[in-house]
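Here are my notes on the model, as numbered points. Please read them with the viewer open.

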Amino acid sequence: MTDTRRRVKVYTLNEDRQWDDRGTGHVSSGYVERFKGTSLLVRAESDGSLLLESKINPNTAYQKQQDTLIVWSEAENYDLALSFQEKAGCDEIWEKICQVQGKDPSVDITQDVVDESEDERFDDMSSPGLELPPCELNRLEDLAELVASSLPSPLRREKLALAVENEGYIRKLLDLFHVCEDLENREGLHHIYEIIKGIFLLNRTALFEVMFSDECIMDVIGCLEFDPALPQPRRHREFLTKTAHFKEVIPISDPELRQKIHQTYRVQYIQDMVLPTPSVFEENMLSTLHSFIFFNKVEIVGMLQDDEKFLTDLFAQLTDEATDDDKRHELVNFLKEFCAFSQTLQPQNRDAFFKTLSNMGILPALEVILGMDDVQVRAAATDIFSYLVEYNPSMVREFVMQESQQNDDDILLINLIIEHMICDTDPELGGAVQLISLLRTLVDPENMLATANKTEKTEFLSFFYKHCMHVLSAPLLANTTEDKPSKGVALEGTEVSFIAPLDDFQTSQLLALILELLTFCVEHHTYHIKNYIINKDILRRVLVLTASKHAFLALCALRFMRRIIGLKDEFYNRYIMRNFLFEPVIKAFLNNGSRYNLMNSAIIEMFEYVRVEDVKSLTAHIVENYWKALEDVDYVQTFKGLKLRYEQQRERQDNPKLDSMRSILRNHRFRRDARTLEDEEEMWFNTDEDDLEDGETVVRTSDKIKTEEDLMEPISKFMERKKLKEPEDKEILAKSSFSGRQNPSFKLAFSGSTKTSLSSPPPSASLSPGSPGSPGSPGSGARSSPSNTSVTTKGGLVGLVDYPDDDEEEEDDDDEPSKKSRLSS
């Protein structure tokens with residue numbers, strides 16, 4: 001049987017002064033050779049791994065709190081805590097710590113590290129304790145000075161805390177407070193304020209237990225009302241007794257639980273509202289107060305969770321149709337606070353907590369709540385839903401899929417969430433932002449489970465696109481339809497009318513949120529979102545938003561298209577080309593004019609991506625259909641680079657023998673100097689094919705040393721052939737103009753102003769640029785032929801010749817004529 005006495009939880013204090021759970025294990029103490037001393041060791045109960053290995057230093061201050069906690073600091077701003085399951089285990093380890101430090105186990109705190117002068121240290125060591133002045137009205141000033149002078153010194157703080165604790169000084173001070181308040185002695189009340197504030201900074205659990213007891217806590221709050229820095233005292237007690245009311249939405253039968261809730265609320269109020277904001281130096285001096293509140297919350301959640309009758313009554317009333325709205329409002333607020341408290345639990349306890357809520361029917365209860373008209377109740381239900389989604393999205397997904405088998409789409413929980421997002425009345429859409437984040441978590445494949453029997457990703461995404469996606473995209477489709485001219489103005493001169501959307505700020509914000517989620521789906525959902533976009537013509541509708549007067553919305557539309565292009569998926573590319581979806585993008589680019597802004601940069605980056613990645617089908621489509629609109633843009637080389645890519649593709653199609661050169665280069669069938677072989681191979685593999693296509697010549701070093709006569713003959717032949725070919729190219733390009741070779745009816749007129757006229761191709765166009773047989777499609781390139789040829793590039797000339805010493809190889813390669821070519825400069 002496991003020794004439960006040694007079972008502990010390990011906590012560390014984070015930068016936000018909150019305790020983080022590091023795991024549960026069993027603690028032991030023993031000599032560790034590496035540390036040359038006795039150390040505390042905690043091994044995880046799950047796998048035996050080491051959770052904590054801490055040497056018991058003679059000068060480290062260890063604190064024992066609430067009988068089952070030991071807290072200490074390993075270094076500056078790094079606090080640790082051990083929470084024991086049983087008091088006996090805590091006492092046993094505490095005795096070991098005190099033994100190493102030579103302390104009496106009856107103390108609750110060991111000696112701090114000191115950094116004092118020799119005189120102060122001698123004085124403190126020579127005096128057995130600190131003597132407090134009598135708790136009398138005329139000695140309050142002396143006591144306040146004593147407390148203030150003791151706080152900077154750890155040793156003096158310890159002695160002062162022991163003196164206050166042993167003499168029962170706090171109760172005497174509180175009696176004196178009543179006397180001063182009755183006499184309206186403002187000076188005395190100011191001194192008592194300073195004294196009580198100083199006692200808080202002593203950071204001692206035993207003193208807190210006295211101050212936070214039912215008999216003393218309201219008087220302590222009263223003492224802190226008389227801040228000398230304020231002209232008038234605060235009225236904290238009046239607020240707590242008259243304004244703040246404790247509501248038991250479900251009667252709590254356990255008096256200990258009720259007392260713990262009262263205490264935690266008041267101590268939290270002291271920390272947040274009563275005590276002045278601590279300085280940087282005082283922050284660590286209130287760590288025990290943070291711990292006191294933290295562990296109180298852990299106890300409250302545990303006690304409520306163990307009370308089955310309480311939770312049963314809570315959910316029964318939440319789902320009961322007879323429950324009135326006010327009562328349900330209170331129940332929802334309680335449940336929200338209950339879930340917030342659960343964040344203090346360690347992971348395994350939090351698992352049990354949310355599993356209990358799930359078994360009690362929290363998700364059906366949330367459906368009822370979200371159907372209410374009360375905005376505050378719905379907001380609280382949204383917060384509860386966010387706790388559930390962040391904790392276990394799979395649990396929520398499983399519920400909504402089961403629910404879809406019984407209910408209509410309109411009342412599904414996830415569709416209720418989407419509708420509340422769409423109908424958010426907040427001008428800044430604060431609730432919608434929170435809800436879209438939850439939806440993103442639910443549709444994120446990264447947190448979906450895959451088991452031997454089922455794949456959650458496949459099942460849930462199929463469900464989502466069938467039952468929910470039409471609800472999510474409804475505002476987008478409604479605001480970009482051609483059937484609603486009242487919500488926008490048709491752009492003149494277009495055969496396919498792009499309608500400017502309803503452009504009020506709130507609608508634009510909502511559409512931007514929806515677009516962000518759809519963009520996320522494009523990146524992560526592959527064929528589900530692809531089918532939806534193509535079948536519903538979503539991209540064309542989205543690009544209507546590039547005409548929005550709100551730049552952020554137009555940029556969201558561009559980002560959506562950029563993610564689609566970034567996938568380099570030919571299904572998407574054919575869809576873009578078939579519907580001429582670059583048209584609204586180029587129109588937005590031209591309407592933006594010469595402004596150097598995000599719109600300008602985003603559009604140029606999109607075309608630059610097509611050029612750099614050499615997306616052949618899109619390159620041909622852009623040049624054939626939009627070159628006249630873009631040829632005058634010369635402040636970036638993007639569009640001229642696209643034209644060069646296009647010409648290289650055409651040249652390869654018209655001269656299929658060029659492909660044989662690429663084959664030879666890849667197969668390394670040319671001769672090299674053996675000494676440079678290794679280095680040049682590495683250079684070849686480090687050179688992108690894109691660079692080669694841009695005109696950079698890849699020539700081996702040994703071939704650079706050629707005579708001028710060797711180069712002149714192939715150059716002259718190439719130039720003659722090029723002169724014959726130039727008129728043909730000009731004639732073909734003139735025919736294609738802006739509309740492309742296959743779409744002569746697609747026209748665009750440009751003038752010096754930003755007004756443009758774009759037109760879409762008629763449906764009678766026989767062949768789109770993206771079709772397999774069109775000149776610009778990736779599949780239309782001709783195959784290589786074995787004959788020798790030569791190519792000119794920016795860097796020089798590459799000729800393909802035969803080497804005389806390759807006769808033996810050629811005899812072996814009769815079946816492969818394309819391999820006979822060799823590279824030469």
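1. Arg540 is buried, at 15% relative accessibility. Buried means under 20% relative accessible area, exposed over 50%, and partly exposed in between (1.4 Å probe, protein chains only). Arg540 forms a salt bridge with Asp537, with the closest N and O atoms 2.6 Å apart. A salt bridge here is a side-chain nitrogen of Lys or Arg within 4 Å of a carboxyl oxygen of Asp or Glu. Asp537 also counts as buried, at 19%.

2. A word on the basis. This is a predicted model: local features need pLDDT of at least 70, side-chain atom pairs count only at pLDDT 80 or more, and totals for chains, interfaces and linings use all residues. Residues are numbered from 1 along each chain as its sequence is written, and side-chain values use heavy atoms, with hydrogens and water left out.

3. Overall figures. The chain has 35 helices and twelve strands. These are DSSP runs numbered from the N terminus: helices are H or I with at least four residues, strands are E with at least two. Of the 825 residues, 47% count as buried. The accessible surface comes to about 41,200 Å², and 49% of that belongs to carbon and sulfur atoms. Areas come from the Shrake-Rupley method with a 1.4 Å probe; for residues, only the protein chains shown count as cover. Among contacts between residues at least 6 apart in sequence, 65% join residues at least 24 apart. Contact means heavy atoms within 4.5 Å.

4. The structure holds 24 of them. Lys87 and Asp91 meet in one, at 2.9 Å, N to O. The two are four residues apart in helix H1 (residues 87-101), so about one helical turn separates them. Lys87 is partly exposed, at 42%, whereas Asp91 is buried, at 18%. Lys64, Lys87 and Asp91 are linked in a network of salt bridges. Another bridge joins the side chains of Asp142 and Arg139, at 2.9 Å, N to O. Asp142 is partly exposed at 35%, and Arg139 is partly exposed at 29%.

5. Which helices do the buried residues of H15 pack against? They pack against H12 (308-319), H13 (325-342), H14 (347-360), H16 (375-391), H17 (393-404) and H18 (413-422). Seven of the nine residues of H15 (residues 362-370) are buried, so this helix is largely enclosed by the rest of the structure. Glu367 is among the buried residues, along with Ile362, Leu363, Ala365, Leu366, Ile369 and Leu370.

6. Aromatics. A search of the whole structure finds 23 aromatic pairs. Phe208 and Phe212 form a stacked one, 5.3 Å centre to centre with 15° between the planes. Rings of Phe, Tyr and Trp (its six-membered ring) pair if their centres lie within 6.5 Å; planes under 30 degrees apart count as stacked, over 60 as edge-to-face and the rest as tilted. Phe208 is buried at 0%, and Phe212 is buried at 1%. Phe310, Phe334, Phe338, Phe353, Phe354 and Tyr391 form one aromatic cluster.

7. Charges over rings. The charged end of Arg562 sits over the ring of Tyr609, 4.0 Å from its centre. The charged end of Arg397 sits over the ring of Phe460, 5.8 Å from its centre. The test is NZ of Lys or CZ of Arg within 6 Å of the ring centre and within 35 degrees of the ring normal.

8. Two backbone angles to check. Lys568 is not a glycine, yet has a positive phi of about 55°. Lys568 lies in the loop between helix H25 (551-566) and helix H26 (570-578), and is partly exposed at 42%. Asp614, also not a glycine, has a positive phi of about 55°. Asp614 is in the loop between helix H28 (598-612) and helix H29 (616-630). Asp614 is buried, at 8%.

9. Val585 is found in helix H27 (residues 583-592) and is buried, at 0%. Leaving aside neighbours within four places in sequence, Val585 is in contact with Leu543, Leu558, Met561, Ile603, Met606 and Phe607. Val585 and Leu558 are 27 residues apart in sequence and 7.7 Å apart in space, C-alpha to C-alpha.
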